[in-house]
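Please examine the structure shown below and then read the report that follows.

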Amino acid sequence: MQLRMINNIFKLVRETANRNYKGFFIVISFVCFLGLLLSTLLALPWGNFVSASCRWDCFWYSDIVENGYSRLPLLYDPLRPAQGAWAFFPLYPLLTRTTGYFLALNTQSAGLLVNIILWPFLIFLCYRDLELRNIHVDRFLFSALFVVYPFNIWYTAQYSEAIYGVLLMAAIVTLRSERVGLAALMCALLSTSRPTGFIMTICLSAWWLFSTPRDSKNFIRNAVYRRISDSLLLVAAGGAGLSLFVLYLFYVTGDGFAFAHVEIAWNKKFCFFVFNIFRAFKHKHERAFGIYALLSTLVIGKMCSRKWWLNALLVGTTALLASSTGVQSIERYVFANPLTMQFLACITLSCSRRLIWIALTVMIIMHIATTLLWYKESILVI
Amino acid sequence: MVQGKYFSDMIRIKFIFLLLSFDAFSFIKGLKPHVSRAYRDYYILHSITNDAYLNATRAELSKVKP
């Protein structure tokens, strides 16, 4: 009787998700709500969900929201000597400050609210991207996999992952829909959200230039010129977003590229990524990152197929850039990337029903573990 | 209709050129930082240590403050 009731609930949820986009969004929001409920319950020993989720880089984002970017780095902080907020791009703090101002919320609550609102949109965009590629998966299970995925913790914390992911997927979806003007706007905003934003714009521009147009039978000279001008528009728009931040930093600090130069204060120097991976295994407290880096290589390798080559290009480029300055946080750059989550969700959903439910169960357990590690401020999920 | 398409293409090209000029301007600005010697040595040239930079900057600030 109870089993039949559970089956009926699942059937209702599936029908709602498959009815139309509105129904799908309602189901995504409901599943996200259940995920948030779990995170809130797990956060109880740490006071409340808002303060428990503010870890690691949340300090910097909060500082930017409350004090803006300063002319000098931290000179008297023994935990963060010579480090500066310039490494953190302005879009997420700006959204947080605006939200906090209009809704009269404190910094941490506003920052969390921004990500809670963006998270369902990200899941929807990841699904929409698959649809545009004629890849059809179960909508409800796709949402569920995203919500229980162990490395999605940064999307419900005060980090810039959500805004970056939404803009990246929005740029891809608008390009696939051949709305290049809108894609250029997404690229401009993407470049103000994270340091890798502009690099992603360049990759998208190259992908757009070399990808086959829909009506490839009419591939005439004008279409080629159009593609070239589209790609230039994307790069120029992405560059303009980054340029605004460069000029602002030049005005505040005297150094337009302070966001890159300040990385030395975190002991990050450019080096061949393989050396950084080897170095990680030599130090006990960095071995986990070495393992993450190897697993990342495996996943990116699996992505290298005709069907997933854009995912491989973008995630691979991100991993290469990140690991060239050290492997700390590589798990966030690769496994929390929406394109990786999309890929892994599709691989899981292509298995048998039994395996899918086993995967979901294992992921829920791992999700609980990573959430608790996050609240404990463990270096394993930095 | 062809003339209209020509004008919209021209506007598009001019807009791209404007954006690229802006990008080039900010890139050139970024290549010439106006910073202290200690800042340049630590953050850009990596020729001094973290402690040396902090000491030099604190000393500079104490000279400026009354």
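A:Leu232 lies in helix α11 of chain A, where helices (H or I, at least four residues) are DSSP runs numbered from the N terminus. The model is a predicted one, in which local features need pLDDT of at least 70 and side-chain atom pairs count only at pLDDT 80 or more, while totals for chains, interfaces and linings use all residues. Residues are numbered from 1 along each chain as its sequence is written, chains are lettered from A and ligands numbered from 1 in the order in which they are written, and side-chain values use heavy atoms, with hydrogens and water left out.

A:Leu232 belongs to a nonpolar patch on the surface, together with A:Leu209, A:Phe210, A:Val224, A:Tyr225, A:Ile228 and B:Leu20; the accessible area of the patch is about 630 Å². Such a patch joins nonpolar side chains (Val, Leu, Ile, Met, Phe, Trp, Tyr) within 5 Å, from residues with over 30% relative accessible area and no salt bridge. Accessible areas come from the Shrake-Rupley method with a 1.4 Å probe, and only the protein chains shown count as cover. The most come from α11(A), with 4 residues.

The contact (heavy atoms within 4.5 Å) between the chains takes 35 residues from chain A and 29 residues from chain B. Chain B and chain A bury about 2,600 Å² between them, 68% of it on carbon and sulfur atoms; this buried area is the accessible area (1.4 Å probe) lost on being put together, summed over both parts.

Across this interface the rule finds 2 salt bridges, each a side-chain nitrogen of Lys or Arg within 4 Å of a carboxyl oxygen of Asp or Glu. On the side of chain B that touches chain A, α1 (2–31), α2 (37–44) and α3 (50–64) of chain B each supply at least two residues. The most come from α1(B), with 14 residues.

The whole structure holds 14 salt bridges over all chains. Two are listed here.

| Salt bridge | Closest N and O atoms |
|---|---|
| B:Arg12 and A:Asp230 | 2.8 Å |
| A:Arg14 and A:Asp138 | 2.7 Å |

Conventions
Buried area is the accessible area (1.4 Å probe) that two parts lose on being put together, summed over both. Patches are made of residues with over 30% relative accessible area and no salt bridge: like charges are joined within 9 Å, nonpolar side chains (Val, Leu, Ile, Met, Phe, Trp, Tyr) within 5 Å.
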